[in-house]
Amino acid sequence: MDAQPSFLNQLFDKGFLVPSGVDGLYGRGEAYEEVIAGFDSLITKTVANDAAEKISFPPGMSRVAFEKSGYMKSFPQLAGTVHSFCGVDHDHTELLAQLAAGEEWTGKQEVTDVVLTPAACYPIYPVLAARGNMPKGGVVFDLQSYCFRHEPSQDPARMQLFRIREFVRAGTPEEVVAFREEWLKRGPAMMEAVGLPLHIDLANDPFFGRGGRLMKVGQREQQLKFELLVQIANPAGPTAIMSFNYHQDHFGETWGIHTNDGGVAQTACTGFGMDRIALALLKHHGLDLKAWPKSVSKTLWG
Ligand code: ZN
């Protein structure tokens, strides 16, 4: 037996995270939020001249938009849909009796118009499409959202509800590729400034099922996704704390997003896993924020 408490238990003991009884669903303590806020301000400084339109979305999005996005084709195992009681009086009586008896009680639950947001950029595409042709030069968004993935785990870096700050670029292929190239330089520089040892790797998503294996291969071969990886709490290897995704014209076609001259727009996004970054910082610099290297504290909190 390992005499050391797990990293997750250390985070609970020091109040960085607060357990809820469900793996991957935690409260955030004050010091943890300070770390998140510090890194958030570093991002804000980095993008000061990007003229990005900033939008915060709630952790739920339109089910219609979610269906259209094709998420269920690729990741049905990770999706979270919101259901509510839609019965009448006597159904309620029955429900209470079932609850009291510890029986299955969800029979009268029906799906609502809301699903939990699976990725911070998903809600923006229909918004962008509804605005009509983009201005010349395209657009860039600065988004943040809690996102949901149904993958309960005791690895603190694999939460079910977690915060993402994400930049989405839409425009011509040249504009979109330039955006990703820029972030592939910025990301490592930011992590270096906060003392995180990292490497960048080609990546693939956990596409579901037999068809998914082909999608994984295609994603790697076309170099559509890169990840920035840091060792956190998974003994099997490092965890992605940032990702760089080139969607080509997938969302442009799906949603009818057009460039200024009426062509189908391309898109790319860069996501910061804010919780994973906070955890990586705590893992590498320790659970006493006051003892962190001066250069790191200065970068985060000025
Ligand atoms: Zn995205």
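1. Let's start with a pocket. About 160 Å³ of space lies in the second largest pocket. A pocket here is an open set of points on a 1 Å grid over the protein atoms alone, with protein on both sides within 12 Å along at least five of seven lines, and lining residues have an atom within 4 Å of a point. The volume is the space filled by probe spheres set on the points, with grid points joined across faces, edges and corners.

2. A word on what you're looking at. This is a predicted model, where local features need pLDDT of at least 70 and side-chain atom pairs count only at pLDDT 80 or more, while totals for chains, interfaces and linings use all residues. Residues are numbered from 1 along each chain as its sequence is written, and side-chain values use heavy atoms, with hydrogens and water left out.

3. Back to that pocket: who lines it? Residues lining the second largest pocket include Ser 6, Phe 7, Leu 8, Asn 9 and Phe 12, and also among them are Asp 23, Tyr 26, Gln 154, Asp 155, Pro 156 and Ala 233. Helix H1 (residues 7–13) gives the most to this lining, with four residues. By class, the lining has six nonpolar, three polar and two charged residues. For the classes, Ala, Val, Leu, Ile, Met, Phe, Trp, Tyr, Cys and Pro count as nonpolar, Asp, Glu, Lys and Arg as charged, and the others, Gly among them, as polar.

4. Now the overall build. The protein chain has eleven helices and twelve strands; these are DSSP runs numbered from the N terminus, helices being H or I with at least four residues and strands E with at least two. The C-alpha atoms fill a box of roughly 60 × 55 × 35 Å, taken along the principal axes. With 302 residues, a compact globule would have a radius of gyration near 19 Å, and the 21 Å of the protein chain agrees with that. That radius is taken over C-alpha atoms, and the globule rule is 2.2 Å times the number of residues to the power 0.38. Of the 302 residues, 45% count as buried, where buried means under 20% relative accessible area, exposed over 50%, and partly exposed in between (1.4 Å probe, protein chains only).

5. Which residues hold the zinc ion? Its protein donors are Cys 121 (SG), Glu 166 (OE) and Cys 269 (SG), lying 1.9 to 2.3 Å from it. Along the sequence, the donor residues are spaced C-x44-E-x102-C. Glu 166 in strand E8 (residues 161–171) and Cys 269 in strand E12 (residues 266–273) are 103 residues apart, a pair that links distant parts of the chain. Donors are N, O and S atoms within 2.8 Å of the metal (3.2 Å for Na, K and Ca), and water is not among the atoms, so sites may look incomplete.

6. Both members of that pair, Glu 166 and Cys 269, are buried. Cys 269 counts as buried because its relative accessibility is 3%.

7. Phe 272 lies in strand E12 and, at 0% relative accessibility, counts as buried. Its C-alpha atom is 6.3 Å from that of Ile 241, 31 residues apart along the chain. Tyr 246 is found in strand E11 (residues 239–248), and Tyr 246 is buried too, with a relative accessible area of 15%. Tyr 246 and Ala 268 are 22 residues apart in sequence and 4.4 Å apart in space, C-alpha to C-alpha.

8. Check the backbone at two spots. Ala 51 has a phi near 50 degrees, a positive value in a residue other than glycine. Ala 51 lies in the loop between helix H2 (30–46) and E3 and is exposed, with a relative accessible area of 70%. Gln 248 also has a phi near 50 degrees, again positive in a residue other than glycine; Gln 248 sits in strand E11 and counts as partly exposed at 28% relative accessibility.

How values were computed:
On a 1 Å grid over the protein atoms alone, a cavity is a set of points where a 1.4 Å probe fits but cannot get out, and a pocket is an open set with protein on both sides within 12 Å along at least five of seven lines; lining residues have an atom within 4 Å of a point.
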